[in-house]
Amino acid sequence: MSSLSPAADERLMGSLPVRVIKAGIAYFALVFGAGFALGSIRVPYLVPHLGERAAELIEMPFMFVVIWLAARFITRRFSLPAKVLSRLGAGMVALGLLVTAEILLAVALQDRTLGEYVASRDPVSGIVYLAMLAMFAVMPLVLARVTCVYQSVKPGRPSGTAGTL
């Protein structure tokens with residue numbers, strides 16, 4: 001959260017809807033950039049030796065960490081409140097941009113139709129990829145919920161005594 005007053009915070013960062021959109025764009029850029037970098041390692045070095053499925057499945061835990069770190073960064077950087085619409089809004093903006101970029105890259109650079117691209121996905125890693133897309137969309141909200149639970153029950157303290165001396 002910002003240390004500024006709400007009015008000063010809004011003047012510097014913009015209104016909440018603007019911050020949500022900016023956060024979504026930043027979230028997309030961070031995750032897409034990391035995915036592009038990891039893909040440039042996966043395709044030439046892992047795929048020829050391990051195959052498409054294994055290479056994509058090996059990449060997934062790294063992308064999960066990137067998604068978690070990026071969601072944590074944007075929620076703090078853009079002072080997103082722990083409200084469903086704000087957090088899910090940023091995730092959905094990012095998801096829309098990511099799916100659009102994925103489709104454009106598949107159709108334009110790989111010279112495939114959308115149907116050919118979807119049909120070419122490995123059934124196992126494709127399902128994991130869809131699950132990761134869902135996690136990508138909801139991660140800002142998940143972090144809000146996990147943070148609220150963690151702050152209400154601190155390790156080593158019985159439930160209900162968090163914050164008391």
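Glutamate 59 is buried in this predicted model, with a relative accessible area of 12%. What does its side chain pair with? Glutamate 59 forms a salt bridge with arginine 42, and the closest N and O atoms are 2.7 Å apart. Glutamate 59 sits in helix H3 and arginine 42 in helix H2, so this pair ties together parts that are 17 residues apart in sequence. Arginine 42 is buried too, because its relative accessible area of 14% falls under the 20% cut-off.

Why can such pairs form at all? Side chains of opposite charge can pair when their charged atoms come close.

Helix H3 (residues 52–77) holds glutamate 52, while helix H2 (residues 16–50) holds arginine 42, so the pair links parts 10 residues apart in sequence. Is glutamate 52 buried or partly exposed? At 41% relative accessibility, glutamate 52 counts as partly exposed.

**A bridge to a loop**

Arginine 53 belongs to helix H3, and aspartate 122 to the loop between helix H5 (114–120) and helix H6 (123–152), so the pair ties together parts that are 69 residues apart in sequence. Arginine 53 is partly exposed at 39% relative accessibility, whereas aspartate 122 is buried, at 18%. Salt bridges that share partners join Arg42, Glu52 and Glu59 into one network.

**The largest pocket**

Arginine 42 turns up again here. The largest pocket has a volume of about 910 Å³. Its lining is made up of 29 residues, and Gly35, Arg42, Glu102, Tyr117 and Arg121 lie nearest the centre. Which helix gives the most to this lining? Helix H2 does, with 8 residues. H2, H3, helix H4 (84–109), H5 and H6 each supply at least two residues of the lining. By type, the lining divides into 16 nonpolar, 5 polar and 8 charged residues.

Conventions
Residues are numbered from 1 along each chain as its sequence is written. This is a predicted model: local features need pLDDT of at least 70, side-chain atom pairs count only at pLDDT 80 or more; totals for chains, interfaces and linings use all residues. Side-chain values use heavy atoms; hydrogens and water are left out. Helices (H or I, at least four residues) and strands (E, at least two) are DSSP runs, numbered from the N terminus. Buried means under 20% relative accessible area, exposed over 50%, partly exposed in between (1.4 Å probe, protein chains only). A salt bridge is a side-chain nitrogen of Lys or Arg within 4 Å of a carboxyl oxygen of Asp or Glu. On a 1 Å grid over the protein atoms alone, a cavity is a set of points where a 1.4 Å probe fits but cannot get out, and a pocket is an open set with protein on both sides within 12 Å along at least five of seven lines; lining residues have an atom within 4 Å of a point. Grid points are joined across faces, edges and corners, and a volume is the space filled by probe spheres set on the points. Ala, Val, Leu, Ile, Met, Phe, Trp, Tyr, Cys and Pro count as nonpolar, Asp, Glu, Lys and Arg as charged, and the others, Gly among them, as polar.
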